[in-house]
Amino acid sequence: MSPIKAALFWTLTSVFCVDAIFAKDVGNEDVLFPPTLQPSDSGLPVGHLLPLGYQREPEGPVKEYTQPLAPTEFWEQHARDPYTPLVYRQAIAKAPAVTNWQSDEYIREKYGDLDVLIEKKIEDRMNPVRLRMPLSEFLDNYHHKQWYVVSLLPDPMRAEMQVPRSLLCGNFKDSILESNLWLSSGGTRSVLHYDADHNLHCLISGRKDFIMIPNKYGDKLDLADNQKAGSGFTHMNVDKVDLVKNPEVSEVPWTWATLHPGDCIFIPSRYFHQVRSYGRSVAATIMWDPFPKFNDSDCATRDIDKYTALSDVRLQWTYKKGDKVIDMGYMNVEMMRNIFLQMMEDEEIDKFTPETLSLLYAHNMLDEEEDEELGEEDMEHVRIVFSYMDKDKKGYVTAEELRGLDMETLKLVARGVESAHGPVGEDTGPRDEL
Ligand SMILES: *[C@@H]1O[C@H](CO)[C@@H](O)[C@H](O)[C@H]1NC(C)=O
């Protein structure tokens, strides 16, 4: 046999062997992505009842870079409207996590006592289930249960995670909201959805495939109607796209990306994405909220090429051992403060009252016009939330006082006026639900 034939033979047999061994839970490298379109028999549309991606050829891969862009370029080319995704190859390659978190034993030993939130591997937004447990309990069980850690990255673990240079100056650095940990034995599948925040999703272990679709195609994608606070999802079964029910899916252009350990993908705010993982999978994400203008005033003086750990930057929402709640998905509290101040300016008032707060509450929670009246029960809730800010119980706060509110007070208010876009995780449900 010629060397080429031998190599080909080896590749084919190894693919077949792997297929046979992992017929149920496929391994890391043996899933073809993007898929090859299958010709349709029986006159049904191409890709009917096949996974998302089989209905139309992709436009191509997501644009990729071998070195993360400097913050100003990242802003100009990707993070300002219209937002465009990108892939950074090996952007966190130097992070200790990429070496250390390959081992469950390491994670158990060092971080096993920290609590995480657990979801189902196959996401179901109509019947969300959520548990809270120590990482050690998760690691003891995750190979035989359908469990998926989707949780705030516990504070101590941030020390082993790197922040890519694109986020190391200007508003990026100041607007990081939270970082999340994703950990499973593989075979996870998200629904097709979009989030309010920008997200840098970095893979530490395993393989993840992404299907990316611009937000403007939402009306072809069977959107659920309870879209909230800038996030949303589709009802489509991503494993079996029904083209009789949703024929327009075939018209939707998409791009794709496959991440390997050390790689990151920028998933812009409101950009649809569908994510699948293969093999043991660990990822860390960094989220921040979009801003309209880039203030680069500190970029000339900051050393963005110095290795920076995630523990060296400020995040708004964090979790450490002993915290009663693990709150994910809340807004930027500095932005909330600015909205309050702006409301006072727009309404030309010098006293911020429960009624002022109720306008924002109605806007966020009821998804109604801002001048809609709140019911008495909602109003009672708003008064309680207001009382966190009104420390001397005057019945109002001034702009001066708003400017002086500390972060913890603002968080209490944020938890009260906005429902989180992600799990909050106080309750520990029965273990057998998952
Ligand atoms: C830009 O950011 C700096 C701090 O980094 C701040 O002092 C300055 O006021 C900001 N400029 C504007 C126009 O917001």
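**Aromatic cluster.** I started with the rings in this predicted model. Tyr-65, Phe-74, Trp-75, Tyr-88, Phe-172, Phe-266, Trp-288, Phe-291 and Phe-294 come out as one aromatic cluster. Searching the whole structure gave me 21 aromatic pairs.

Next I went to Phe-172 and Trp-288, which are both members of the cluster. Here the centres are 5.9 Å apart with the planes at 90°, so this pair is edge-to-face. Phe-172 belongs to helix α7 and Trp-288 to strand β13, so I looked up the spacing, too: 116 residues, a link between distant parts of the chain. Phe-172 is buried, and Trp-288 is as well.

**Charges over rings.** I noted two lysines here. Lys-394 has its charged end over the ring of Tyr-396, 5.1 Å from the centre. Lys-411 lies over the face of Trp-317, and I get 5.3 Å to the ring centre.

**Disulfides.** How many disulfides does the structure hold? I found two. Counting bonded cysteines along the chain, the pattern is 1-4, 2-3.

Cys-169 and Cys-299 make one of them, with 2.0 Å between the sulfurs. This pair bridges distant parts of the chain, 130 residues apart. Cys-169 is in the loop between α6 (155-158) and α7 (170-174), while Cys-299 is in the loop between β13 (272-288) and α8 (333-346). The S-S torsion is about 90°, so I call this disulfide right-handed. Are these two cysteines buried or exposed? Cys-169 is buried at a relative accessible area of 1%, and Cys-299 is buried at 18%.

Cys-202 and Cys-264 form a disulfide, S to S 2.2 Å. Cys-202 sits in strand β9 (residues 198-213) and Cys-264 in strand β12 (residues 264-267), so the bond ties together parts 62 residues apart in sequence. The torsion about this S-S bond is about 105°, so the disulfide is right-handed. Cys-202 and Cys-264 are both buried.

**Confidence.** Last, I checked pLDDT. The chain has a mean of 88, and 88% of its residues reach 70 or more. Where does the pLDDT fall below 50? I found that over residues 1-26, a stretch with 10 contacts in the model beyond near neighbours in sequence.

Conventions:
Residues numbered from 1 in each chain as written. Predicted model: local features only at pLDDT ≥ 70, side-chain atom pairs only at ≥ 80, totals over all residues. Heavy atoms only, no water. pLDDT = per-residue confidence, 0-100. Contact = heavy atoms within 4.5 Å. Disulfide = S-S within 2.5 Å. Helix = DSSP H or I, 4+ residues; strand = E, 2+ residues; numbered from the N terminus. Buried < 20%, exposed > 50% of the residue type's maximum accessible area, 1.4 Å probe, protein only. Phe/Tyr/Trp six-rings, centres within 6.5 Å; stacked < 30°, edge-to-face > 60°. Lys NZ or Arg CZ within 6 Å of the ring centre and 35° of its normal.
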